[in-house]
Amino acid sequence: MYAKVLKTYKGKAEIEIFCTEASQENVHCGACSMGQKPSAKPQTVLAQNKIEAKPGDMVECDQKEHAEVKAALLLLIGPLILFMIALGIANALNLELWQSFLTGAAVLGVTYIVLRYSLKNKTYYYITGIK
């Protein structure tokens, strides 16, 4: 897939991904492979910039291996497991149903905040070359 570099900093680049005919082979948003027109707003993501592309450069980029699976495990399965553990602990403490629910919701809130700040600069994209 192809992208335009918007900003660069600390070995990373903010890129704007464009849908092309080749995007069907390496899908970034799903719109290309489903035969739909992508949204008017291109997708902007953070990518590793090991080749030191400059702002304004057109680059070719790719996703790291198993990026979707890693992201799903981290963002979906992890909080679900923590929520179920919190419900189990609340049940073991003989809390009422509404108290158990609030405990689980609080754990989800804390998990969201921790993930949000710890993954702020995390990226599964990388720049492979300058076009």
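**Figure 1. Helix α2 of the predicted model spans residues 97–118.** Helix α2 has 22 residues and reaches 31 Å from its first C-alpha to its last, close to the 32 Å expected at 1.5 Å a residue. The expected span is 1.5 Å times one less than the number of residues. Helices (H or I, at least four residues) and strands (E, at least two) are DSSP runs, numbered from the N terminus. Residues are numbered from 1 along each chain as its sequence is written.

Figure 2. S100, G104, T111 and L115 are buried (under 20% relative accessible area, with exposed over 50% and partly exposed in between; 1.4 Å probe, protein chains only). Because these residues cover an arc of only 40 degrees around the axis, they lie on the same side of α2; the arc is that of the directions from the helix axis to the C-beta atoms. The buried residues of α2 pack against α1 (67–92), where contact means heavy atoms within 4.5 Å.

**Figure 3. Q63 in strand β4.** Strand β4 comprises residues 58–63. Q63 counts as buried because its relative accessibility is 16%. Its side chain makes a polar contact with the side chain of Y125 (3.1 Å); such a contact is a pair of N or O atoms within 3.5 Å, and within protein one must be able to donate a hydrogen and the other to accept it, while residues adjacent in sequence count only if both atoms are side-chain atoms. Side-chain values use heavy atoms, without hydrogens and water, and side-chain atom pairs count only at pLDDT 80 or more, whereas local features need at least 70 and totals for chains, interfaces and linings use all residues.
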